[in-house]
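Good morning, and thank you for coming. Please look at the sequence and the model on the screen as I speak.

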Amino acid sequence: MKMQTDNLFMKKALQLAEKGAGFVSPNPKVGCIIVNKDGKIIGNGYHEKYGEAHAEVNAVHSVKDKTELEGATVYVSLEPCSHHGKTPPCTDLLTSLPIKRVVLALKDPNPLVSGRGIQKLREANIEVEIGVCETESRLLNEFFLHHMQTGKPFVCLKIAQTLDGFSAAEDGSSQWITGKLSRTLVHEWRAKYDAVLVGRNTALHDNPSLTVRLVKGRNPFRIVLDGPGNLPKNLRLFTDQFEEKTIHIVGVHNVVDDVSLMLATLKGDEFRGKTLVAGMKNGHVDVNEALIQLGKMGFSSILVEAGPNLASALIREKLVDKLACFIAPKLLGSGKRPISDLGISTITQALELKNVSWGKIGDDMVMMGEF
């Protein structure tokens, strides 16, 4: 019975945590529920925005009658922080309360926290339970966990194709292969990922905005890889009202003067976004190096909406964590493929996805899988 009750309240905490999607990165999404000794919810909160109060603080502040905290149980989807960051340690707040028990879904992998919050709670004679709804919590914070463990953003590659495997017709036209419901889902993803990434060919030929329009939500950063660094400055990514959220990654070899010249040229009045410089690999921007730089900047998740060259390069270099493939009930017979050469010559070398799921959205199918 106790386990069922713990699961019930933790799932409510996880639902609250999801509300922070798109707003708290690079921090984790965290929700908190406070239940009094009679089993009644008396407080709840979630981490709403990066740099602002954490879930535990918001939950405690929401309790109207503080006397009900006597003997209460606090459910938190991730171990409370124990260090001073942009906000004071949540463990200090919890240990100052007359609560009896803290139930956690997951231990925080952050070395500044990991285990220290739990230790502080136990030293204050607060009972601590760990691992309730752990699987769901890991999925909720897959971006944060990946970023914390690798230093690089979690990368999801999104592709769309016809039933016979083409992403565009012979003339290059591709709007729209999938239906509106599929496109709406992608806009929901854009609102939750830190950034959307494209290559220079997609930027040049499609001139995309990469904004959130079909749903309500915040716009992501837009990242464009441009080895030569000579994309036209009149593209939407460089001129629309969100140009400050564009990151232009250009490639250079190893000449410092080239870097200085490139930056001086690209950061003029015509383009006010941020320019990053990365090395070159096989004639293109070194994507792994670019991801490392973006990870250091605090990006924990990137949605890739790329053409076949960049998509294939990411897969070849094992830089894709999740693949989302939309399949429309249409036939072209010929055209352009969403993925090109992977260096595979026999079926035994085929890359096989794991944790695969299939879903139907409108008339389309969507497959999600991990590498």
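F144 touches P26, N27, P28, L78, D108 and P109, leaving aside residues up to four places away in sequence; a contact here means heavy atoms within 4.5 Å. This is a predicted model, in which local features need pLDDT of at least 70 and side-chain atom pairs count only at pLDDT 80 or more, while totals for chains, interfaces and linings use all residues. Residues are numbered from 1 along each chain as its sequence is written, and side-chain values use heavy atoms, with hydrogens and water left out.

Is F144 buried or exposed? F144 is buried, as its relative accessible area is 6%; buried means under 20%, exposed over 50% and partly exposed in between, with a 1.4 Å probe and protein chains only. From F144 to L323 the distance is 18 Å, C-alpha to C-alpha, and the two are 179 residues apart in sequence.

F144 belongs to helix 6. Helices (H or I, at least four residues) and strands (E, at least two) are DSSP runs, numbered from the N terminus. In helix 6, the residues E142, F143, F144, L145, H146 and H147 are buried. The buried residues of this helix pack against helix 5, helix 7 and helix 11, and also against strand 6, strand 13 and strand 14. Just after helix 6 comes G151, with a positive phi of about 80 degrees.

Let me turn to a pocket. The second largest pocket holds about 660 Å³ of space. On a 1 Å grid over the protein atoms alone, a pocket is an open set of points where a 1.4 Å probe fits, with protein on both sides within 12 Å along at least five of seven lines; lining residues have an atom within 4 Å of a point. Grid points are joined across faces, edges and corners, and the volume is the space filled by probe spheres set on the points. Of the 32 lining residues, K29, L139, E142, F143 and K322 are the closest to the centre of this pocket. Helix 6 is among the elements that each supply at least two residues of the lining, and so are helix 1 and strand 16.

Finally, the whole chain. The protein chain has twelve helices and 16 strands. Buried residues make up 50% of its 371 residues. Among contacts with a separation of 6 or more, 73% join residues 24 or more positions apart. Along the principal axes, the C-alpha atoms fill a box of roughly 70 × 50 × 40 Å.
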